[in-house]
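User: I should like to go through a model with you, one topic at a time. Please begin with whatever term we need for the helices.

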4 protein chains.
Amino acid sequence: MSTPTEPRDLHIVVWNENVHETRGDATVVEHYPHGIHTVVADGLREHLPHADVSTATLQEPDHGITAERLAATDVLFWWGHVAHDEVSDAVVDLVVDAVHAGMGLVVLHSGHYSKPFKRLMGTTCSLKWRNDGERELVWTIAPEHPIAAGVPHPIVIDRQEMYGEYFDVPRPDEEVFLSTFAGGEVFRSGVAYRRGLGRVFYFSPGDQEYPVYHHPDIRRVLSNAARWAAPVSGRRELTADPHPRDWFLTDGAGRQGA
Amino acid sequence: MSTPTEPRDLHIVVWNENVHETRGDATVVEHYPHGIHTVVADGLREHLPHADVSTATLQEPDHGITAERLAATDVLFWWGHVAHDEVSDAVVDLVVDAVHAGMGLVVLHSGHYSKPFKRLMGTTCSLKWRNDGERELVWTIAPEHPIAAGVPHPIVIDRQEMYGEYFDVPRPDEEVFLSTFAGGEVFRSGVAYRRGLGRVFYFSPGDQEYPVYHHPDIRRVLSNAARWAAPVSGRRELTADPHPRDWFLTDGAGRQGA
Amino acid sequence: MSTPTEPRDLHIVVWNENVHETRGDATVVEHYPHGIHTVVADGLREHLPHADVSTATLQEPDHGITAERLAATDVLFWWGHVAHDEVSDAVVDLVVDAVHAGMGLVVLHSGHYSKPFKRLMGTTCSLKWRNDGERELVWTIAPEHPIAAGVPHPIVIDRQEMYGEYFDVPRPDEEVFLSTFAGGEVFRSGVAYRRGLGRVFYFSPGDQEYPVYHHPDIRRVLSNAARWAAPVSGRRELTADPHPRDWFLTDGAGRQGA
Amino acid sequence: MSTPTEPRDLHIVVWNENVHETRGDATVVEHYPHGIHTVVADGLREHLPHADVSTATLQEPDHGITAERLAATDVLFWWGHVAHDEVSDAVVDLVVDAVHAGMGLVVLHSGHYSKPFKRLMGTTCSLKWRNDGERELVWTIAPEHPIAAGVPHPIVIDRQEMYGEYFDVPRPDEEVFLSTFAGGEVFRSGVAYRRGLGRVFYFSPGDQEYPVYHHPDIRRVLSNAARWAAPVSGRRELTADPHPRDWFLTDGAGRQGA
């Protein structure tokens with residue numbers, strides 16, 4: 001087999017709106033005293049010891065996101081819930097452009113309603129939900145997929161918010177996980193897309209009221225997703241034209257774009 | 001909207017191995033005294049009053065399947081369970097060739113292990129199962145799909161055998177339904193494929209021990225599937241070369257096939 | 001076979017920016033003296049004699065597009081080229097919402113850069129192009145697809161603008177046509193997507209400088225596409241929530257959307 | 001970015017029917033004096049210096065393929081043309097089972113008609129062809145795909161046999177390359193599938209009459225394909241049940257397969 005890569009210089013940024021935490025929601029603070037982003041980042045560092053993992057939040061200048069920082073980022077994780085509308089459109093443009101140019105994006109839980117995800121999907125991204133703290137089972141339906149490597153079938157999460165179908169997203173390019181809930185609902189909980197030169201993975205487990213990002217199997221999935229979403233052949237230049245010149249015949253007669 | 005088609009001359013054959021019934025398995029005979037095929041056929045006639053629906057069983061000469069009959073068939077339904085190996089390879093060849101040439105095929109329940117389905121899929125088609133007579137919920141994940149027209153979300157089947165992932169089939173071209181079971185398992189219960197000029201739909205609800213084919217929503221799904229699987233532009237000639245000559249440039253220089 | 005539907009009340013609107021024509025570009029006016037939209041509409045009427053086909057242009061109030069009109073529209077055709085930016089965002093919102101709610105959308109040629117298409121795709125939709133008036137061959141790679149019914153393999157267009165890969169769109173749900181050009185380029189010229197409850201078809205043949213929409217095979221494709229894109233189970237209410245209540249369990253415990 | 005993997009112990013077998021060569025077809029012997037397999041193997045070694053690359057041919061006992069050898073193989077390359085029928089069904093069974101259990105398979109050129117490929121596809125795999133020694137252009141339509149890494153757009157092959165659509169295969173899970181030919185035809189020349197736990201890549205360039213496997217860009221594609229097709233999480237045991245026990249709930253109540 002191919003010896004698993006030990007990524008030496010994978011650059012990851014974990015973004016979190018960080019609102020539940022800063023306003024002091026008791027349950028959230030209990031599970032995530034330093035913010036959801038810090039626990040997600042620690043989970044990534046656990047499995048990717050040589051990666052460079054940093055964080056960014058809504059409260060920072062420019063929400064912690066600049067063109068320069070994204071140009072040096074291989075994979076961006078995104079967690080948001082109550083403050084989607086507070087994310088500036090300029091930052092959303094940067095994120096979407098970076099994905100088109102090859103940056104990986106991993107969208108978590110209620111991030112299904114975030115501006116960058118909706119922009120990349122082109123659908124409403126609505127879903128059915130009910131928060132009764134019930135058991136979620138995460139079943140693998142693509143056993144050969146690298147994002148599913150090393151996790152049990154199913155992953156068992158004792159208490160979770162229910163997310164259910166119909167999930168209004170485009171048909172996934174790859175479906176990795178399906179979740180069921182004690183109430184009988186089903187959800188496409190791990191779905192992958194290509195957008196331009198970038199890869200997008202949406203993974204639903206992870207409500208703020210439950211300690212899901214402390215779960216060892218979930219941390220493994222997130223780390224697998226980081227590896228999978230990273231650009232294959234190096235970071236691309238984030239130019240206005242995301243398609244480098246080597247994608248053209250050299251006769252100069254053809255033009256890409258407008 | 002487009003007025004729903006009233007198919008005038010849709011020709012449907014419902015095939016059943018008919019072994020549980022002929023050997024007198026008590027529960028099966030109770031639900032299906034004249035065979036599963038007759039109940040499936042009645043369900044189709046209910047929603048497709050102008051269709052020509054007939055049946056065929058393993059016990060008939062040639063299992064009731066000849067090249068001539070298939071050439072006049074738009075959609076073949078297939079139910080089998082304990083006698084897959086008794087189906088002659090010659091008949092399997094006829095069915096597979098007919099699908100390649102444009103005939104629709106709807107494979108039911110334990111037909112996932114039938115020879116024609118395995119031949120068309122190229123995988124083991126294995127799955128996880130457990131028969132505890134528990135509740136199955138059939139959720140629609142492609143609400144715009146014609147096979148899902150007119151059914152509730154979810155369809156509720158009170159008692160059923162459990163079929164669960166991992167279901168070893170190729171990635172579906174279209175996923176219409178996902179089922180969950182009281183035990184927490186999940187299954188891709190309604191999946192669609194194209195093979196050559198033909199369409200294939202696999203639908204898992206329908207164990208012999210439960211009266212699933214009497215369920216009004218299940219009958220509607222089967223009828224929708226018959227309409228969907230029928231050839232779009234007329235029945236094709238079942239020649240050795242399934243690709244009619246009009247699929248070629250007329251210069252005669254190119255050849256299809258060997 | 002299923003007798004081909006004769007749609008009684010298919011409601012189609014053909015939208016055109018109508019700028020080349022109104023400003024008097026000589027070649028365009030020669031081929032399309034009353035506007036591209038009128039020729040596309042005539043082509044649809046030719047094959048769909050019972051359909052209600054109307055037109056709309058950028059120059060009309062609200063560009064001829066209101067919520068009421070879209071609510072009564074099964075399929076919207078969209079042709080635009082030099083005035084994409086002049087289409088108001090309010091109208092784009094209406095079109096995108098209507099697609100999510102079930103309206104079909106057929107995007108033509110340089111409409112790949114239109115606001116509604118880019119919004120629904122989530123990518124740059126850029127492509128390679130060169131206008132040398134060369135031969136385009138349109139090959140069918142999904143012979144069973146209804147949009148390909150009745151057209152030769154390949155369709156030959158004597159003179160056309162070249163559109164070539166890389167075409168920066170999401171992986172299509174269905175690929176119907178591939179085009180090649182005399183210069184050797186290739187293009188995914190007929191691709192289909194689902195977005196919410198609506199279907200989207202992009203078809204590239206049709207530059208304003210060549211009489212492509214007078215071509216009998218192209219007119220057949222457009223008519224096939226109109227039938228295919230129409231909602232399957234009736235026009236939906238265009239409410240804020242595109243997912244009718246029957247998509248929920250009736251226990252009232254679950255909620256769709258925010 | 002993720003530092004490109006240097007596979008230390010990738011085990012590759014290149015299989016060739018080796019009939020053109022052993023019977024002394026002049027043009028073939030000129031390009032491939034020691035057999036096509038040796039040139040393909042050399043190309044792989046060039047880009048994968050730490051891989052273990054060996055060869056096998058039809059003429060060897062068991063065609064050089066045993067269960068033991070496949071159990072130690074990560075990726076099998078397959079080239080065949082005039083002797084498909086001479087491959088024993090027992091060997092085909094071994095190959096298909098190995099793919100289901102996770103072995104990668106890369107099928108080359110006229111291998112589209114090989115028994116293993118047809119078995120894994122479930123279709124006729126027929127195509128259109130014409131041998132006029134004309135120019136083939138291989139265009140990338142999945143620029144982010146690892147199999148396309150490092151190759152120009154397009155790859156130019158000066159003289160080749162034409163393979164054209166309609167190519168009767170299932171819809172690919174991933175399309176990487178499209179080829180055009182001087183005659184105007186088009187072909188899906190690089191397509192990827194998952195079958196069970198294994199990955200399958202079909203790549204059409206490579207007729208025996210042209211020195212295609214000496215082409216540096218083609219050699220890079222083959223090497224990329226070897227990396228991509230290798231099992232992600234280690235070689236699996238080739239047991240009768242390809243799905244290891246860890247794919248089950250541990251309550252013992254459910255069973256996979258028959």
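Analyst: Helices here are DSSP runs of H or I with at least four residues, numbered from the N terminus. Please keep in mind that this is a predicted model.

User: How far apart are the end C-alpha atoms of helix α5 of chain B?

Analyst: They are 16 Å apart. Helix α5 (residues 89-100) of chain B has twelve residues, which at 1.5 Å a residue should span 16 Å, so the two values agree.

User: Which residues of α5(B) are buried, and what covers them?

Analyst: The buried residues are B:Val91, B:Val92, B:Val95, B:Val96, B:Ala98, B:Val99 and B:His100. Their cover includes α4 (67-71), β3 (75-79), β4 (104-108), α6 (115-121), β8 (186-195) and β9 of chain B.

User: Why would residues three or four places apart point the same way?

Analyst: An α-helix has 3.6 residues a turn, so residues at that spacing point the same way.

User: And helix α3 of chain D, what does it reach from its first C-alpha to its last?

Analyst: Helix α3 (residues 36-47) of chain D reaches 17 Å with its twelve residues, close to the expected 16 Å. Buried in α3(D) are D:Ile36, D:His37, D:Val39, D:Val40, D:Ala41, D:Gly43 and D:Leu44. Among the elements of chain D that cover them are β1 (11-16), β2 (52-57) and α7 (216-229).

User: Changing topic: how many aromatic pairs does the structure hold?

Analyst: Over all chains there are 36 aromatic pairs. One of them joins B:Phe201 and B:Trp228; the ring centres are 6.3 Å apart and the planes stand at 65 degrees, so this pair is edge-to-face. The partners are 27 residues apart, with B:Phe201 in strand β9 (residues 198-203) and B:Trp228 in helix α7 (residues 216-229) of chain B.

User: What about D:Tyr163 and D:Phe187?

Analyst: They also form an edge-to-face pair, with 5.7 Å from centre to centre and 75 degrees between the planes. D:Tyr163 lies in strand β6 (residues 155-164) and D:Phe187 in strand β8 (residues 186-195) of chain D, so the pair ties together parts 24 residues apart in sequence. Both residues are buried.

User: Which residues form the aromatic cluster in chain A?

Analyst: The cluster consists of A:Phe117, A:Tyr163, A:Phe167, A:Phe187 and A:Tyr202.

User: What sits over the ring of A:Trp228?

Analyst: The charged end of A:Arg199 does, 5.0 Å from the ring centre. In chain B, B:Arg199 lies over the face of B:Trp228, at 5.0 Å from the ring centre.

User: What does its side chain meet?

Analyst: A polar atom of the B:Thr180 side chain lies 2.6 Å from the backbone oxygen of A:Gly184. The B:Thr180 side chain also makes a polar contact with the side chain of B:Trp139, at 3.5 Å. Beyond its sequence neighbours within four places, the contacts of B:Thr180 include A:Thr180, A:Glu185 and A:Val186, as well as B:Arg135 and B:Leu137.

Technical notes
Residues are numbered from 1 along each chain as its sequence is written. Chains are lettered from A and ligands numbered from 1 in the order in which they are written. This is a predicted model: local features need pLDDT of at least 70, side-chain atom pairs count only at pLDDT 80 or more; totals for chains, interfaces and linings use all residues. Side-chain values use heavy atoms; hydrogens and water are left out. Rings of Phe, Tyr and Trp (its six-membered ring) pair if their centres lie within 6.5 Å; planes under 30 degrees apart count as stacked, over 60 as edge-to-face and the rest as tilted. Helices (H or I, at least four residues) and strands (E, at least two) are DSSP runs, numbered from the N terminus. Buried means under 20% relative accessible area, exposed over 50%, partly exposed in between (1.4 Å probe, protein chains only). A charge sits over a ring if NZ of Lys or CZ of Arg is within 6 Å of the ring centre and within 35 degrees of the ring normal. A polar contact is a pair of N or O atoms within 3.5 Å; within protein, one must be able to donate a hydrogen and the other to accept it, and residues adjacent in sequence count only if both atoms are side-chain atoms. Contact means heavy atoms within 4.5 Å. The expected span of a helix is 1.5 Å times one less than its number of residues.
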